[in-house]
Amino acid sequence: MDETAIPLRVELPSTSNLNDVVADRLRRDPDAVLAEVRRGDAWEPVTVREFDAQVVAVAKGLVAHGVGPGDSVGIMSRTRYEWTLLDFAAWAAGAVPVPIYETSSAEQVQWILGDSDVSVLVVETSENAAVVEQVRDQAPACREVLVLDAGAVDALVAAGADVPDAEIARRRALASLDDVATIIYTSGTTGRPKGAELTHRNFASLTANTVPEVPEVFAAAGGRTLLFLPLAHVFARFIEVLAISSGTVLGHSPDIKTLVDDLGGFRPTYILAVPRVFEKVYNTAEQTAAAGGKLKIFRWAAAAAVAWSRALDTPHGPSLWLKAQHSVADALVFGTLRGKLGGRARYAVSGGGPLGERLGHFYRGIGLTILEGYGLTESTAPTCVNRPERIKIGTVGAQLPGCAARIAPDGEILLRGHHIFRGYHGNPQATAEAFDEDGWFRTGDLGSLDEDGYLRITGRKKEIIVTAGGKNVAPAVLEDRLRAHTLVSQCVVVGDNRPFIGALVTLDAQGLPGWLSMHGKPAMSVDEARTDPDVLAALDEAVTRANGAVSKAESIRKFTVLPGDFTVENGYLTPSLKFKRALVVKDFEAEIDALYTSTDRSSLHTV
């Protein structure tokens, strides 16, 4: 199959917009809990009626600050309740909210403020404000910067006290489905970020069609989800809208350091995360078991979970013996793992990168079914996702209603539908280049469709490596498998115009201590570990296992362990944790050259 499309379930009126999401909830059940906000150790409920009143009050404040219909309002903050409040308040004021990652550099902030003509910017902290202040003179449209931690919400409410309710009602009705709802800037892995203009149709129509398509997750009674991914990213933003539309109680967790406590207190029924989160949970659990002398039990239980999940996909299902093993493993191990996620989560949605079959089967085996999906900023997050009633682990599922996918002759995934963005803000050339002659959006990703229309991602078109021998290699397969190892933080596969495939590897500073303890080794720094024989031997085994997924010509022959790591702070990772391949290859040219010329085994390792 080279093309698939799923018809719309729900057709929205052309005059509707995202303000109707709250209005519909208000009509259905004004006293239902819309969100819970952590105050100290307690989670305080916010009803639909209370949320709507807060949205109106803050929207009045934006109007009082001179924000007009169609103006851009910037939000630079971690994921917290006020983010969602400001988002819907901006829409209520007829404005266009523009997210900015709170980790952005001054140069990135300046570009987004200037490119989108942000008029009022709300930041979280004084430190964020200080970053903005460095470039305020280069963003003349930005009249004011308000700070959440300094009482921005209360200040907005006070400023808007004299704005009549009728003005907000008027503005809420201004936008139509095809008007711009937000401008989300791409991560910028290949250059300066582009502002994707996403419309009210993109969010509202995709939400209206996704909820009834996956009711077990998004429309289940008592549904709760805790957002901890950045709301500046389209993935969390879409779930924010979906949760409010569907009746899911929404929570926010701004700090990864308190995430476990937040999960335990909030107890979500479903979560959304990127594969790295699921890898970390697994690796931490394994290390904890090792520290408690229960490593063999954990590994036996993990094997039982994977075997049980795989058996679910066979005609006869798990055998009686496997069911018995699974039941014992559940009592000994699985319940504790589910408890780390709050104890009530039955489903998780994974995106932003491939999860891998091993983790997919493991989590389904312990009672957390991960629905892997796929999408981009330009497709308003999901274009497809696995369905609970029919999961194909290793794929990213079938298209959602109103969405279509085509595989081009060169293997590129093309998309079309109500979820595809309008274009790049102020950049008609980039917009034209993003679509083919038939109007299909070029994703830049490579994939295939099976006989049921399920999509499988095989690589990134622009990242295909062509060796000196002419072999085309998709690096993602190897990189994703290596990153699953406890010791590995990042892996960048190289080899363009080289005689063989090599890799740059960085060690995981958080995973290292547990691994050392598990293997009876003394504590050591990351720099010491990168030349330790046992660490290198473990990495060698990991590379060998990863190589099992590819042909010999595509396999990693040499790797080097770099002294540091790739982080958002040093510029090698985007805020959504994708590494900037071109920058890494440029800055580590000497280390890459050494893979093919040096014989020094202290830093290089031959597989």
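Tutor: Axes are lines fitted to C-alpha atoms, for helices over the stretch in contact, and angles run from 0 to 180 degrees between N-to-C directions. The model is predicted, so local features need pLDDT of at least 70 and side-chain atom pairs count only at pLDDT 80 or more, while totals for chains, interfaces and linings use all residues. Residues are numbered from 1 along each chain as its sequence is written, and side-chain values use heavy atoms, with hydrogens and water left out.

Student: At what angle do the axes of helix H1 and helix H2 cross?

Tutor: The axes of H1 (residues 19-28) and H2 (residues 48-64) cross at roughly 145° and come within 9 Å. Helices here are DSSP runs of H or I with at least four residues, strands are runs of E with at least two, and both are numbered from the N terminus.

Student: Which residues make the contact of H1 with H2?

Tutor: Contact means heavy atoms within 4.5 Å. H1 contributes Val22, Arg25 and Leu26, and H2 contributes Val48, Arg49, Phe51 and Asp52. These residues divide into four nonpolar, no polar and three charged. In this scheme Ala, Val, Leu, Ile, Met, Phe, Trp, Tyr, Cys and Pro count as nonpolar, Asp, Glu, Lys and Arg as charged, and the others, Gly among them, as polar.

Student: Why is threonine 182 called buried?

Tutor: Buried means under 20% relative accessible area, exposed means over 50%, and partly exposed lies in between (1.4 Å probe, protein chains only). Threonine 182 has 0% relative accessibility and therefore counts as buried. Its place is in strand S8 (residues 180-185), where six of the six residues are buried.

Student: What makes the approach of threonine 182 to arginine 237 a polar contact?

Tutor: A polar contact is a pair of N or O atoms within 3.5 Å; within protein, one must be able to donate a hydrogen and the other to accept it, and residues adjacent in sequence count only if both atoms are side-chain atoms. The side chains of threonine 182 and arginine 237 make such a contact at 3.0 Å.

Student: What makes strand S24 largely enclosed by the rest of the structure?

Tutor: Seven of the seven residues of S24 (residues 488-494) are buried, so the strand is largely enclosed. S24 is joined to the antiparallel strand S25 (residues 501-507) by six bridges, and the two form a hairpin with six residues between them.

Student: Why is asparagine 497 called exposed?

Tutor: Asparagine 497 lies in the loop between S24 and S25. Its relative accessible area is 61%, and therefore asparagine 497 is exposed.

Key. Pairing = 2+ DSSP bridges.
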